[in-house]
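Visitor: I am new to this structure and would like to learn how to read it. Please show it to me and take the features one at a time.

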Amino acid sequence: MSYPGYPPTGYPPFPGYPPAGQESSFPPPGQYPYPSGFPPMGGGAYPPAPSGGYPGTGGFPASGGYPAPGGYPGAPQPGGAPSYPGVPPGQGYGAPPSSASFSGYPQPPSQTYGGGPAQVPLPGGFPGGQIPSQYPGGQAPYPSQPAAMTQGTQGTIQPAANFDAMRDAEILRKAMKGFGTDEQAIVDVVASRSNDQRQKIKAAFKTMYGKDLIKDLKSELSGNMEELILALFMPPIYYDAWSLQNAMQGAGTQERVLIEILCTRTNQEIRDIVRCYQSEFGRDLEKDIRSDTSGHFERLLVSMCQGNRDENQSVNHQMAQEDAQRLYQAGEGRLGTDESCFNMILATRSFPQLKATMEAYSRMSNRDLLSSVGREFSGYVESGLKTILQCALNRPAFFAERLYYSMKGAGTDDSTLVRIVVSRSEIDLVQIKEMFTQMYQKTLGTMISSDTSGDYRKLLLAIVGQ
């Protein structure tokens, strides 16, 4: 399926995240013994914007329109006949294909490279990203990036003003006392407090009543509602570590969870996760990964576990050109695939650098790096490499797609739905919602409403801000 408005016309590298005033101070010492103040501003915080600014502001150049595999919908294919049966020209996206694999993301209008518009040969042969006349009014068949998307990222949950932990603890106690549970009261408190505030409520509850809030909640709730509430009360780093441990426990491994967390977090987050995993579960994350995965997938995850990706936000175009050349020669340009070359470049380069490499790759080979990875790899290592590239292009679009597939078709993958909604609720859920609407022509809230029910639905919608 395709990703709208990508690469974004200047998606900043998450400046100043977490938002000021939301740095989580973890629960009382001894409960989750890892460093407080996550991530330390300066260390794991998303690095500052490059001094040159973003595309469109005279800063480092952005993509001149990166060819989607197989050309744009409705565009004549390299072979000749116009493709995309059943889609009248100019209609834009039809329903996304049923396969959960990601192929090329859709592209932004061409931007200026240095002096003039970049001349990028597109597969359908539209030099410089010119839009063929069959689109009425010269409109390309993809939504453009909303202006708001270029303003940093934000969560749907902000810390509550006039916050009083003891008052909230009292409300929760009343909601659980006696016969039945007042779920609405729980929803009202939990959904409108930041994670940091929830930790304070937990501490106040124990001080006031000598009871553990989490144990009380567990005894009152069940099923998806219980999973959602417990997730909301875990500090973010602990929740990631817990999710990883859960994914590798027992028979079978949930590889997609490992990919979703390890391939998308910042260095500081990953280092904190590794530390927390050790202190909370008494286990070594890297060892667990080695015993639960194998081959090139194992190597990729071990690389991710190091939390050593370059986070310098300035782009070296010379290096992007050389990396693109090396990736081409390691994959499309030879028989077989040199997997270690892909691993090395995708595990070490910064996200803005990878984005520039993808653009250089498409100019050089007239192919899309995402679809080349799809041709050269398969299975989980393919998903992992694609996730890294998708995060380099547009992280919110990656999470929007994961949310969509957690609800599409029969049944709902509630764990994925809960994990993404909770873990992104104070980071970039606003942008994820925008991308979701752009990509699927319906809002995230609408899809959650039709796929869930009861208090679980109420709480999810309250977090999503519907």
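Guide: Start with the largest nonpolar core, which has 102 residues. A nonpolar core is a set of buried Ala, Val, Leu, Ile, Met, Phe, Trp, Tyr and Cys residues joined through side-chain atoms within 4.5 Å; buried means under 20% relative accessible area, with a 1.4 Å probe and protein chains only. Leu 228, Ile 229, Leu 285, Leu 459 and Ile 463 have the most contacts inside this core. Its largest share, 15 residues, comes from helix 15 (residues 379-407). Helices are DSSP runs (H or I, at least four residues) numbered from the N terminus.

This is a predicted model, in which local features need pLDDT of at least 70 and side-chain atom pairs count only at pLDDT 80 or more, while totals for chains, interfaces and linings use all residues. Residues are numbered from 1 along each chain as its sequence is written, and side-chain values use heavy atoms, with hydrogens and water left out.

Visitor: Which residues is Leu 459 in contact with, leaving aside its neighbours within four places in sequence?

Guide: In soluble globular proteins, nonpolar side chains tend to be buried together. Contact means heavy atoms within 4.5 Å. On that basis Leu 459 meets Val 187, Ala 191, Met 225, Leu 228, Ile 229 and Leu 232.

Visitor: What are the buried residues of helix 2, and which helices do they pack against?

Guide: In helix 2 (residues 183-191), Ala 185, Ile 186, Val 187, Val 189, Val 190 and Ala 191 are buried. They pack against helix 1 (165-176), helix 3 (195-209), helix 4 (213-220), helix 5 (223-233) and helix 19 (454-464).

Visitor: Is Asp 168 buried or exposed?

Guide: Asp 168, in helix 1, is buried, because its relative accessible area is 0%. Not counting residues up to four places away in sequence, Asp 168 touches Phe 163, Val 189, Arg 193 and Ile 201.

Visitor: How do helix 15 and helix 18 cross?

Guide: Axes are lines fitted to C-alpha atoms, for helices over the stretch in contact, and angles run from 0 to 180 degrees between N-to-C directions. The axes of helix 15 and helix 18 (residues 444-451) come within 10 Å and cross at roughly 20 degrees. Helix 15 and helix 18 are therefore roughly parallel, a term for angles under 35 degrees.

Visitor: Which residues meet there?

Guide: Leu 403, Tyr 404 and Met 407 of helix 15 meet Leu 444, Met 447, Ile 448 and Asp 451 of helix 18.

How values were computed. Buried < 20%, exposed > 50% of the residue type's maximum accessible area, 1.4 Å probe, protein only. Helix = DSSP H or I, 4+ residues; strand = E, 2+ residues; numbered from the N terminus. Parallel < 35°, antiparallel > 145°, perpendicular 65-115°, else oblique.
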